[in-house]
Amino acid sequence: MIMGGGELPGLLVNEIGGIHGILHGHVVFLKKHFCLITMKEFLENKKHMSKKVQAIYLWWHKPVIDQELLQSLPNLKVIANSGVRMDHLDLKLVASFGVKMANAPRAVSSSTADTGMALLLASARRLVEGYHIAISSRMEYCEADFLGVEVTGATLGIIGMGRIGYKIALRAKAFEMNILYHNRTRRKEQEEQAVGAAYCEKMDGLLQQADFVMVVVSLTPQTHKLIGKRELELMKPTATLINISRGAVIDQEALVTALQSGVIRAAALDVTYPEPLPRDHALLKLKNVVITPHLGIKTHKATYMITEEAVENILAALNDLPIPSEVLPS
Amino acid sequence: MWYHKPVINEELLQSLPNLKIVANSGVGIDHLDLKLLSSYGVKLSNTPFIVSTDTADMGMALMLASSRRLVEGYQMAVSPDTEYFPADWLGDELSGATLGIVGMGTIGYKVAERAKAFEMKILYHNRNQRNKDEERAVGAIYCKKIDDLLQRSDFVLLSVNLTPQTHKLIGKRELELMKPTATLINISRGLVVDQDALVEALQNKVIKAAALDVTYPEPLPRDHPLLKLKNVIITPHIGSATKKTRRLMMENMIESIQAGLTGLPIPNEVL
């Protein structure tokens, strides 16, 4: 139960503002429901603060949840994660303290799907290169030679057809793209028909046929380095690889080699390992690579919706109600 | 003709007594004097429909790149000074936003089809209203007055032909009618926009941003203010620049030329 006496339940956050902090624009909304406690305040006054914290709101994987922190928060009931991915959390450890966990799946899907399409189009049409030519201080440019590849009517292979993958399929269909997909489980027939997607039980088949390969999986031990030398060599030399999932899903060294030797045409990466890449990394120098700084859900609307979803989850947990987006340790 | 070259003038036409046809790549013919050509009995063809999907795709590419700050983001991702990606660096959502299409011809309509899949609300302004089925298929609402569209849109996309009526269609007045949070996207012709007024509007935050595949002239002089503005993306008129489309354009042009030379009806003739 929420503490009585008019005091709002304590919500622990990493910091407000700053590199990985809660967004300033969300603070007013959060303060309506909670007493906000930053990690700094908590550490400075552990004795007093530790009993107050009933919930933690993770923003961009911070604060780090470890044994020590969990032990020092006797009244912690729930950890709400911003976004969908939980690979930074030890779910079993958290559950062992009787603490519930939730993520925010609803808010992220449209904006992440939009990011995928933005990267696909930017890469295909060489938008970034074109921009640099258009503003270059050099007077001449060879307009006539500057060609990209067609998106309309091309074949898109989606690896990972969850919520986000499906929204990508809906968008790609409007571009009259031919859609193939690979997933752990096959989608229902009506869902496939709605987007005209054909199931590829074997990923190899998808890799061999696709003009654009879009990776939209969760990072798990099974998907770690899912796309390596072998997979890249199965792809068409005219194909483009787009990654909006996690950097570790792709074998980055194999990707560099493949891009340098023309094994595939180009890559567009919203995620890398690590983020950001070391400044001397080969990927930063390749002309046929577009890298973006984990745009994923970075819009004002999506981030606000994530916080709204997190608050919904937290309040449900604190009131012993069913948590809308509970994540159980599997 | 490719990229409007060679320039067709009186002198050239006079010196080519056996010239029967000029085949233009692309759909725009605003750079040609139709009356002059016809006075020499020379026929003209263009490649109208082939460019539509690529140009619509480019419109979507620019709209996505602008709203999500893709070019800025790329620069941050590769900059030697970057140590981290700040959490409060955000763009704007396309999904659920309102797109106003000015010029709902073939290209404008294809943009609408694509934008609908991004859950965008679609308004359009055109000389003529499209029929109900066409409107319903893309969920587009007709704005008889362009002012109405300008006031309500988060993204304003220009896909009109360049004609005396559309010359400087978007000027100071139109820019001031737009939301201060709105983005202007131009995939038609540079002259459809009053460029000086656009520079001022962008500098004074009258509108949020612009993404231009076309300017006047192309390329812009290297000291032009548009090249320096952070909230502008410019691309070098690559609306139809894909390998497949260029090859198809050439095939079309050859077909038109062969018909023109043998006196047969010319596909894609411009009258």
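Tutor: Start with Arg189(B), which forms a salt bridge with Asp30(B); in this predicted model the closest N and O atoms of the pair are 3.2 Å apart. Side chains of opposite charge can pair when their charged atoms come close.

To place this pair, take the domains of chain B. The domain assignment divides chain B into domain 1, made of 10-49 + 242-262, and domain 2, made of 52-80 + 90-234. Across the interface of domain 1 of chain B and domain 2 of chain B, the rule finds 1 salt bridge. On the side of domain 1 of chain B that touches domain 2 of chain B, the residues fall into 2 nonpolar, 3 polar and 1 charged. Between domain 1 of chain B and domain 2 of chain B there are also 4 residue pairs in polar contact, counted with both residues at pLDDT 80 or more.

The C-alpha centres of domain 1 of chain B and domain 2 of chain B lie 30 Å apart. The contact draws 6 residues from domain 1 of chain B and 5 residues from domain 2 of chain B. The size of an interface is often given as the accessible area lost when the parts come together. For domain 1 of chain B and domain 2 of chain B, the buried area is about 490 Å², and carbon and sulfur atoms give 38% of that area.

The UniProt record has its own divisions of chain B. One annotation, from an unreviewed entry, reads "domain: D-isomer specific 2-hydroxyacid dehydrogenase catalytic" and covers residues 3-270 of chain B. Over residues 3-270 of chain B, the chain is 36% helix and 13% strand, with the end C-alpha atoms 17 Å apart. Another UniProt feature, "domain: D-isomer specific 2-hydroxyacid dehydrogenase NAD-binding", also from an unreviewed entry, is placed at residues 60-239 of chain B. Over residues 60-239 of chain B, the chain is 32% helix and 16% strand, and the end C-alpha atoms are 11 Å apart.

A cis peptide bond joins Tyr216(B) and Pro217(B), with omega about -5 degrees. Pro217(B) sits in the loop between strand E8 (209-212) and strand E9 (232-234) of chain B.

Now move out to the interface between the chains. Contact between the two chains involves 62 residues of chain A and 60 residues of chain B. The area buried between chain A and chain B is about 5500 Å², with carbon and sulfur atoms giving 62% of it. On the chain A side, Arg125(A), Leu127(A) and Glu150(A) lose the most area to chain B, together 13% of what that side buries.

Salt bridges occur at this interface too: the rule finds 4 across chain A and chain B. Arg171(A) forms a salt bridge with Glu119(B), and their closest N and O atoms are 3.2 Å apart. The interface of chain A and chain B also has 26 residue pairs in polar contact, both residues being at pLDDT 80 or more.

Several elements of chain A each supply at least two residues of the side that touches chain B: helix H6 (105-124), helix H7 (127-135), helix H8 (163-174), strand E12 (289-291) and helix H13 (300-318). H6(A) gives the most to that side, with 9 residues. By class, the residues of the side of chain A that touches chain B divide into 33 nonpolar, 16 polar and 13 charged.

Over all chains, the count by this rule comes to 31 salt bridges. Within chain A, Glu68(A) forms a salt bridge with Lys46(A), the closest N and O atoms being 4.0 Å apart. This pair links distant parts of the chain, 22 residues apart: Glu68(A) is in helix H4 (residues 67-71) of chain A, and Lys46(A) is in helix H3 (residues 46-49) of chain A.

Two backbone details of chain A remain. The peptide bond from Glu275(A) to Pro276(A) is cis, with omega near -10 degrees, and Pro276(A) is placed in the loop between strand E11 (266-269) and E12 of chain A. Glu176(A), a residue other than glycine, has a positive phi near 55 degrees; Glu176(A) lies in the loop between H8 and strand E7 (178-182) of chain A.

How values were computed
Residues are numbered from 1 along each chain as its sequence is written. Chains are lettered from A and ligands numbered from 1 in the order in which they are written. This is a predicted model: local features need pLDDT of at least 70, side-chain atom pairs count only at pLDDT 80 or more; totals for chains, interfaces and linings use all residues. Side-chain values use heavy atoms; hydrogens and water are left out. Contact means heavy atoms within 4.5 Å. Buried area is the accessible area (1.4 Å probe) that two parts lose on being put together, summed over both. A salt bridge is a side-chain nitrogen of Lys or Arg within 4 Å of a carboxyl oxygen of Asp or Glu. A polar contact is a pair of N or O atoms within 3.5 Å; within protein, one must be able to donate a hydrogen and the other to accept it, and residues adjacent in sequence count only if both atoms are side-chain atoms. Helices (H or I, at least four residues) and strands (E, at least two) are DSSP runs, numbered from the N terminus. Ala, Val, Leu, Ile, Met, Phe, Trp, Tyr, Cys and Pro count as nonpolar, Asp, Glu, Lys and Arg as charged, and the others, Gly among them, as polar. UniProt positions are given in the numbering used here, feature names are shortened, and annotations may be inferred rather than shown by experiment. Domain bounds come from an automatic or database domain assignment.
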